[in-house]
Amino acid sequence: MHWVRYCRARLSTPGLAVAIITSVTPLQLSRLIANAAADKKARGVVRLDIRQKSSIADYFVICEGDTDRQVRAITDSIVEACQAKGVRPLRTAGYQDGSWVVLDYASVIVHVFLPGERSYYDLESLWKAPARAAREPAATNGSKKAPTTKRARPRAKPTRPSRRRTA
């Protein structure tokens, strides 16, 4: 829940993203972050392209560590790899707690979770593309409804009543 408070604070700070000079593109930065997380044995590293869904960032990088110590180690690895390229996070949230760390790189937002937190908030399904409905075959007789191949049969009634014991 601290991420929601963090996003509100980020959006309410005017001119925050203007002061950032990036030497890498958002795509390159998301790949660099994913590789740095994988170097520390992060599980389930996912890069989500959210450019068409939100203006808050271009990419989300989501991963998880087994313990709070590993979550912090993954976070430290990401920060060090990005600093080597001259990129620093605007803000870091949740590092002390270690259950969900958020790193804000303006165009890329990184989420490092513990497994229980990741499954509870389920950001992947929240931000993924909606599933497309399967197209039904067109009707051949000019109607808008597709023809049915089988007719539903009524359920057969039991031949004898069930015997229940009453106590």
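## Overall architecture

Helices, as counted here, are DSSP runs of H or I with at least four residues, and strands are runs of E with at least two, both numbered from the N terminus. On that basis the protein chain of this predicted model contains 5 helices and 5 strands, and along the sequence these elements follow the pattern α-α-β-β-α-β-β-β-α-α.

The protein chain has 167 residues, of which 33% count as buried, and its accessible surface comes to about 12,200 Å², with 51% of that area belonging to carbon and sulfur atoms. Among the contacts in the protein chain with a separation of 6 or more, 60% are made by residues 24 or more positions apart.

## Helix α3 and its surroundings

Helix α3 covers residues 68-84, and its 17 residues should span 24 Å at 1.5 Å a residue, which agrees with the 24 Å between its end C-alpha atoms. The helix is followed by glycine 86, whose phi is positive, near 85°. The buried residues of α3 are Gln70, Val71, Ile74, Thr75, Ser77, Ile78, Val79, Ala81 and Cys82, and these residues pack against α2 (26-39), β2 (59-64), β4 and β5 (108-113).

At 1% relative accessibility threonine 75 counts as buried, and its side chain reaches the backbone oxygen of valine 71 at 2.8 Å. When its neighbours within four places in sequence are left aside, threonine 75 is in contact with Tyr95, Val101, Leu103 and Val112.

In soluble globular proteins, nonpolar side chains tend to be buried together. In this model the largest nonpolar core has 22 residues, of which Leu29, Ile33, Ile78, Tyr105, Val108, Val110 and Val112 touch the most other members. At least two residues of this core are supplied by each of α2, β2, α3, β4 and β5, and α3 gives the most to this core, with 6 residues.

A second, separate core has 13 residues, including Ile50, Ile56, Ile62 and Trp127.

## Aromatic pairs

A search of the whole structure finds 3 aromatic pairs. One of them is formed by tryptophan 100 and tyrosine 121, a tilted arrangement with 4.6 Å centre to centre and 40° between the planes. Tryptophan 100 lies in strand β4 (residues 100-104) and tyrosine 121 in helix α4 (residues 115-121), so this pair ties together parts that are 21 residues apart in sequence. Tryptophan 100 is buried, with a relative accessible area of 4%, whereas tyrosine 121 has a relative accessible area of 27% and is partly exposed.

Tyrosine 121 also pairs with tyrosine 120, in this case edge-to-face, with 4.9 Å centre to centre and 90° between the planes. Tyrosine 120 counts as exposed, at 66% relative accessibility. Trp100, Tyr120 and Tyr121 belong, together with Phe113, to one aromatic cluster.

How values were computed:
Residues are numbered from 1 along each chain as its sequence is written. This is a predicted model: local features need pLDDT of at least 70, side-chain atom pairs count only at pLDDT 80 or more; totals for chains, interfaces and linings use all residues. Side-chain values use heavy atoms; hydrogens and water are left out. Rings of Phe, Tyr and Trp (its six-membered ring) pair if their centres lie within 6.5 Å; planes under 30 degrees apart count as stacked, over 60 as edge-to-face and the rest as tilted. Buried means under 20% relative accessible area, exposed over 50%, partly exposed in between (1.4 Å probe, protein chains only). Contact means heavy atoms within 4.5 Å. Accessible areas come from the Shrake-Rupley method with a 1.4 Å probe; for residues, only the protein chains shown count as cover. The expected span of a helix is 1.5 Å times one less than its number of residues. A nonpolar core is a set of buried Ala, Val, Leu, Ile, Met, Phe, Trp, Tyr and Cys residues joined through side-chain atoms within 4.5 Å. A polar contact is a pair of N or O atoms within 3.5 Å; within protein, one must be able to donate a hydrogen and the other to accept it, and residues adjacent in sequence count only if both atoms are side-chain atoms.
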